[in-house]
Amino acid sequence: MKSRDTLVRLKKFQVDEKRRRVAQIEMMIAEFGRMAGDLDREIAAEEQRTGVKDQNHYAYSTYARAARTRRDNLAHSADELKHQLEEARAALDLANDELSKAQVLESREKGPALVDLARDAMDLSGLRGARA
């Protein structure tokens, strides 16, 4: 019975870890999106300030070019994180299934024990009645 309790606690821990991983990836994707939006605004402001919007123009701002590269890298990283998020969600679903199975096994194991305890309690109350 103790091994089932340990198994259930282990599965709960694994589910919690997977849930934290999913939340962490979601927060990173949101943060990358926010940073990319900030860079877009900075690029537009720099292009407005210099008056050159053509990236191929010789006078295009080096800062705007670097910010554009950084924004593209963030977008690429966010896309990779989205794939990792799908995998993490699948792992979370699998861990939830394993936890459910472990809980069912635990309840099956505890179920007969509770029936036995109830039966023993009724037997004891019957013996007390016979004594009186």
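Visitor: Where do D38 and R34 lie, and how many residues apart are they?

Guide: Helices here are DSSP runs of H or I with at least four residues, and strands are runs of E with at least two, numbered from the N terminus. D38 and R34 both sit in helix 1, four residues apart, about one turn of the helix. This is a predicted model, in which local features need pLDDT of at least 70, side-chain atom pairs count only at pLDDT 80 or more, and totals for chains, interfaces and linings use all residues. Residues are numbered from 1 along each chain as its sequence is written, and side-chain values use heavy atoms, with hydrogens and water left out.

Visitor: What do the side chains of D38 and R34 form?

Guide: A salt bridge is a side-chain nitrogen of Lys or Arg within 4 Å of a carboxyl oxygen of Asp or Glu. D38 and R34 meet in one, at 2.8 Å from N to O. R34 also meets E31 in a salt bridge, at 2.4 Å; E31 and R34 are three residues apart in helix 1.

Visitor: Which residues are linked in a network of salt bridges?

Guide: E31, R34, D38 and R41.

Visitor: Is R34 buried, partly exposed or exposed?

Guide: Buried means under 20% relative accessible area, exposed over 50%, and partly exposed in between (1.4 Å probe, protein chains only). R34 is partly exposed at 43%, as are E31 at 33% and D38 at 24%.

Visitor: Which residue forms a salt bridge with E26?

Guide: R89, with the closest N and O atoms 2.5 Å apart. This pair links distant parts of the chain: E26 is in helix 1 (residues 2-50) and R89 in helix 2 (residues 62-131), 63 residues apart.
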